[in-house]
Amino acid sequence: MKFENRTAFITGAAGRIGRATARELGRYGVKLFLADIQLAALEEFCNTLQQEGVEAHPILLDVTDPEKIRETCNSVLAKAGKVDILVNNAGKWPQGSILDTSDEKWQEVLELNLTSVFRVTKAFLPSMREHSYGRIVNLGSIAGEVGLPGYCAYAASKGGVILLTKTMAMELASCNITVNSVSPGMIQDVSRPHNGTWLGRSGTGDEVARAIAFLASDDAGYITGADLPVDGGRILGPKGLDWKLSSAN
Ligand SMILES: NC(=O)c1ccc[n+]([C@@H]2O[C@H](COP(=O)([O-])OP(=O)(O)OC[C@H]3O[C@@H](n4cnc5c(N)ncnc54)[C@H](O)[C@@H]3O)[C@@H](O)[C@H]2O)c1
């Protein structure tokens with residue numbers, strides 16, 4: 001994959017998919033600004049990356065704090081000059097059906113998973129427009145494509161992320177800024193057998209990271225508004241029918 005002198009900002013970078021994405025982009029020489037609420041974990045991770053020759057800067061940022069987002073964005077741009085790649089990855093998925101999700105919980109999940117994507121993106125847009133270049137990759141979820149009972153706020157927030165992605169893709173196309181989402185499903189620290197996916201296993205953070213990196217690369221310039229599921233085929237038609245590929249064909 002091609003990355004020509006690129007700088008990336010990744011939220012939720014201390015987590016499973018955030019770390020894997022940082023590692024993947026770092027392999028291609030992308031300069032990294034890594035944000036999370038877990039500063040100690042992030043500092044340790046950045047030290048490791050730096051020892052491997054990757055330029056990585058840890059940043060304490062709560063993406064639900066609009067003032068802090070603006071400050072962080074300004075200081076990153078002052079240091080780096082530009083941010084070419086933005087990965088809106090911070091998120092969480094608390095359980096709760098419509099009946100047992102309070103107003104407060106609903107607001108909290110929407111603020112973190114959806115509103116933060118709007119705010120962090122908005123903060124970096126003037127600079128991307130000035131440089132006429134941008135690759136924005138948002139983390140959706142298969143729950144945002146087909147729903148997920150017992151996770152009503154989460155599914156709604158991720159559905160919002162997917163449609164915000166498509167809308168921004170249309171709005172920002174003339175500025176040479178692409179906006180896509182990656183929708184993982186069944187991702188764990190290591191791949192394990194899983195009956196719910198057509199591939200018969202769960203996926204790993206590295207597998208999601210490679211999809212994110214491709215959409216963030218210079219090579220993906222003609223892809224915008226796409227939502228790419230990385231889910232082992234989880235949301236394809238129902239699994240469970242007794243079906244086998246005939247060896248005769
Ligand atoms: N793991 C999966 O199976 C899966 C499936 C679908 C979607 N996703 C999405 O992928 C993204 C990453 O998931 P993951 O599996 O790496 O989760 P994770 O819990 O390992 O990482 C999430 C990171 O976000 C950080 N974070 C939480 N609140 C924050 C805040 N207010 N400000 C800044 N950072 C904050 C956490 O500290 C953590 O490091 C999420 O948006 C998630 O919804 C994951």
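Biologist: Is the crossing in which H3 passes H4 right-handed or left-handed?
Modeller: This is a predicted model. H3 covers residues 66–80, and H4 covers residues 103–131. Where H3 passes H4, the crossing is right-handed.

Biologist: Is H3 roughly parallel or roughly perpendicular to H4?
Modeller: The axes of H3 and H4 lie 9 Å apart and pack at an angle of about 30 degrees. Angles under 35 degrees count as roughly parallel. Therefore H3 to H4 is roughly parallel.

Biologist: Which residues of H4 meet H3?
Modeller: H3 brings Pro66, Ile69, Arg70, Cys73 and Leu77. By class, the contact of H3 with H4 has 7 nonpolar, 1 polar and 2 charged residues. On the H4 side stand Arg119, Val120, Ala123, Phe124 and Ser127.

Biologist: Is H4 roughly parallel or roughly antiparallel to H6?
Modeller: H6 spans residues 152–172. H4 and H6 have axes 9 Å apart, at an angle of about 15 degrees. The cut-off for roughly parallel is an angle under 35 degrees. So H4 to H6 is roughly parallel.

Biologist: How many nonpolar residues are in the contact of H4 with H6?
Modeller: H4 passes H6 in a right-handed crossing. The H4 residues in the contact include Trp106, Leu110, Leu114 and Phe118. From H6 come others, among them Tyr154, Val161, Leu164 and Met168. Beside 4 polar and 2 charged residues, the nonpolar number is 11.

Biologist: Is Val179 buried or exposed?
Modeller: Val179 sits in strand E6, residues 177–184. Around Val179, 27 other C-beta atoms lie within 10 Å. A residue with 20 or more counts as buried. So Val179 is buried.

Biologist: How far apart in space are Val179 and Val137, C-alpha to C-alpha?
Modeller: Leaving aside neighbours within four places in sequence, the contacts of Val179 include Ile136, Met168 and Thr224. In sequence, Val179 and Val137 are 42 residues apart. In space, C-alpha to C-alpha, they are separated by 5.9 Å.

Biologist: What separates the C-alpha atoms of Asp100 and Leu172?
Modeller: Asp100 is in the loop between strand E4 and H4. Asp100 has 10 C-beta neighbours inside 10 Å, so it counts as exposed. Along the chain, Asp100 and Leu172 are 72 residues apart. Their C-alpha atoms are separated by 38 Å.

Biologist: Where is Asn176 placed?
Modeller: Phi of Asn176 is near 60 degrees, a positive value in a residue other than glycine. Asn176 is partly exposed, because 15 other C-beta atoms lie within 10 Å. Its place is the loop between H6 and E6.

Biologist: Is Met186 buried or partly exposed?
Modeller: Met186 lies in the loop between E6 and strand E7. Phi of Met186 is near 60 degrees, which is positive in a residue other than glycine. Met186 has 18 C-beta neighbours inside 10 Å. Buried needs 20 or more. Therefore Met186 is partly exposed.

Biologist: Which residues come nearest to the ligand?
Modeller: There are 26 residues around the ligand. Of these, the nearest are Gly12, Gly15, Ile17, Gly91 and Ile187.

Terms used:
Residues numbered from 1 in each chain as written. Predicted model: local features only at pLDDT ≥ 70, side-chain atom pairs only at ≥ 80, totals over all residues. Near = placed C-beta within 6 Å. Axes fitted to C-alpha atoms, helices over the stretch in contact; angles between N-to-C directions. Helix = DSSP H or I, 4+ residues; strand = E, 2+ residues; numbered from the N terminus. Parallel < 35°, antiparallel > 145°, perpendicular 65-115°, else oblique. Left-handed = near helix turned anticlockwise from the far one by under 90°. Contact = placed C-beta atoms within 7 Å. Nonpolar A, V, L, I, M, F, W, Y, C, P; charged D, E, K, R; others polar. Buried ≥ 20, exposed ≤ 12 C-beta atoms within 10 Å, placed from the backbone.
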